[in-house]
Amino acid sequence: MDVEPKSSRTIKAPSYLDALTPVVTLIVLVGSSVALFGLNAVNGPLQVAIIVSTMITSMIILKNGHSWDEISESGRKGISTVSGAIFILFAVGALIGTWNMSGTIPTMVYYGIIMISPNWFYPIAFLVCAGVSLSIGSSWTTAGTLGVGLVGLANMLGISPEITAGAVISGAYVGDKISPLSESTVLAAQLNGVELYKHIRTQLWTTAPAGLIALIAFIVLGMNQHGAFDATMTNNELTRFNELFHITLWNLLPLFFLLALSVLKVPASLAIMCSALLAGVMASFMQPQVILRFIAEPDVSTPLLAIKATWVAMATGFQENSGIEQIDALLSRGGMDSMLLTIWLIIGAVTFGIMVDDFGLLNKLVTPLLLRAKSVGSLLASVVATAIGLNITAGDQYIALLLPTRLFRAEFAKRRLAPENLSRAVSDAGIVTSPLIPWNSCGAYMAAVLGVSTMSYMPFAVFNIAAPLITVALGITGFNIRYIPASASQSKENEADHKAVQE
């Protein structure tokens, strides 16, 4: 009996044209969507641009001999990498809705108006967010909780929500970069084989100067707030808040509950959802008048009304119906459905990024950079450029952290550069620049929860801009560049050769 031979496929290596086409397509389509729709591009046009770029990438991969099943598997793998981020986004949407209804955010705004001078608002926002992110290790949790309140407070005070968002994100990424509780800090150290606290100490040489630059910048920006603050208007707003909500420090319990869960390392999505549910329960006896305004069904029993209000606030967001335009605009937010556009954006961006990596398109573009990097300064600049490029093309900070480590690790060892140099560079560029890209998972998240577009807050995210520049400056000057002793380097090479022979 004759057996029909299986069809064989010839897999071609990608050409430079193959590698460049997806990137150029992405740049052209994203640029066109922003030019045509402005800041509204994130409401659909940007997502379409990224998905069209992904489809063109898949055609190039098919042309090179890969099967559609391989492409589909790559896409599934990409989506699986952001499943945790998707659940966090849904949980934050629910939290914003119930925190508004329970009076948590109104209370933060109320006491913020009383206690914070507008002239010092930006540096205080930066320092508070830096302190919280250092203690819990999460930029997303910091921005999704304190950041929401601070941006709302800025709107009430009549000062710039864009600069406030920049201060919030700058502070939030201080902790994301050097907190021992931050998963991205731990990952950067592990990927490069660096002891965690050695990695953190090395990071301080860029984090401290970038933080100082950011603090000075926000102090200077705050000095320009003279005349923007109307005390009479503010007193009126305080009176309105007291009339609409029962303002008490007890309303901040969901915030402290969330911070405690974060310190205990409860998974972020679970901790945020628990805090959202606690806020919904508290609203039933702390803010009954708010629930009546929200649902407006007086014939329904009180317990059922509270359950329905919590359910709706978590699903589609809280809606304040006070009749006061400024307060209604501030508090009518949240809900899981408010995150759907962001999730659409993240899924498209990560799928595109994983494809250009899995099928060799990315490596084709990065290899020439590596060959041309003759000095330490140019090598570190190549790492930074690659990480930022991955944040733009791959749309996820973990890809921007992982791939440069994989691509440059051997070259660093060959030049006897200590691995903490690489771990610092990929952290400064891969982690910190991720919220500056509108379609990156971090940039999309920050814009969604803070209610300020990425392009609007980007110029004011001073810490995130300064950190990678300082890394490049260290490489050029040679300051604080660490080397492996020759004996240790030779020992590592011998060990690697011995392992290769055994294999």
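**Entry 1. Phe412**

I began with Phe412, which is buried at a relative accessible area of 2%. I note at the outset that the model is a predicted one. The residue lies in helix 20, a segment that spans 397–414. I then listed what surrounds Phe412, setting aside neighbours within four places in sequence: the contacts are Leu379, Leu380, Val383, Leu417, Ala418, Asn421 and Leu422. Phe412 and Leu379 are 33 residues apart along the chain, and their C-alpha atoms are separated by 8.6 Å.

**Entry 2. Ala373**

Ala373 sits in the loop between helix 18 (361–372) and helix 19 (376–393).

**Entry 3. Two positive phi values**

I next looked up backbone torsions. Arg416 has a phi near 60°, a positive value in a residue other than glycine. I located Arg416 in the loop between helix 20 and helix 21. Its relative accessibility of 35% makes Arg416 partly exposed.

Asn480 likewise has a positive phi, near 60°, and is a residue other than glycine. This residue belongs to the loop between helix 24 and helix 25 (486–502). Asn480 has a relative accessibility of 16% and therefore counts as buried.

**Entry 4. Helix 21 against helix 24**

The next item was a helix pair. Two packed helices are described by the angle between their axes and by the distance between those axes. For helix 21 (residues 419–431) and helix 24 (residues 462–477), I found that the axes come within 8 Å and cross at roughly 150°. Helix 21 is therefore roughly antiparallel to helix 24, since angles over 145 degrees fall in that class. The crossing of helix 21 past helix 24 is left-handed.

Which residues make up the contact between helix 21 and helix 24? From helix 21 I noted Arg424, Ala425, Asp428 and Ala429; from helix 24, Ala467, Pro468, Thr471 and Leu474. By class, the residues of this contact comprise five nonpolar, one polar and two charged.

**Entry 5. His199**

Arg424 came up again when I examined His199, whose contacts include it. His199 is placed in helix 10 (residues 196–223). With a relative accessibility of 0%, His199 counts as buried. Leaving out residues up to four places away in sequence, I listed its contacts as Thr185, Ala188, Ala189, Val194, Ser423, Arg424 and Ser427.

**Entry 6. Phe126**

I turned to helix 6 (residues 121–136), where Phe126 is found. Phe126 is buried, its relative accessible area being 4%. Which residues does Phe126 touch, not counting those up to four places away in sequence? They are Ala167, Ser170, Gly171, Val174, Gly211, Ala214, Leu215 and Phe218. I also checked Phe126 against Thr433: the two are 307 residues apart in sequence and 17 Å apart in space, C-alpha to C-alpha.

**Entry 7. Ser33**

Ser33 has its place in helix 1 (residues 16–37). At 5% relative accessibility, I recorded Ser33 as buried. Not counting residues up to four places away in sequence, Ser33 touches Gly38, Ala41, Pro45 and Leu46.

**Entry 8. Cysteines**

Cys129 has 0% relative accessibility and so counts as buried. Cys274 has a relative accessible area of 30% and is partly exposed.

Methods. Residues are numbered from 1 along each chain as its sequence is written. This is a predicted model: local features need pLDDT of at least 70, side-chain atom pairs count only at pLDDT 80 or more; totals for chains, interfaces and linings use all residues. Side-chain values use heavy atoms; hydrogens and water are left out. Buried means under 20% relative accessible area, exposed over 50%, partly exposed in between (1.4 Å probe, protein chains only). Axes are lines fitted to C-alpha atoms, for helices over the stretch in contact, and angles run from 0 to 180 degrees between N-to-C directions. Helices (H or I, at least four residues) and strands (E, at least two) are DSSP runs, numbered from the N terminus. Angles under 35 degrees count as roughly parallel, over 145 as roughly antiparallel, 65 to 115 as roughly perpendicular and the rest as oblique. A crossing is left-handed if the near helix is turned anticlockwise from the far one by less than a right angle, and right-handed if clockwise. Contact means heavy atoms within 4.5 Å. Ala, Val, Leu, Ile, Met, Phe, Trp, Tyr, Cys and Pro count as nonpolar, Asp, Glu, Lys and Arg as charged, and the others, Gly among them, as polar.
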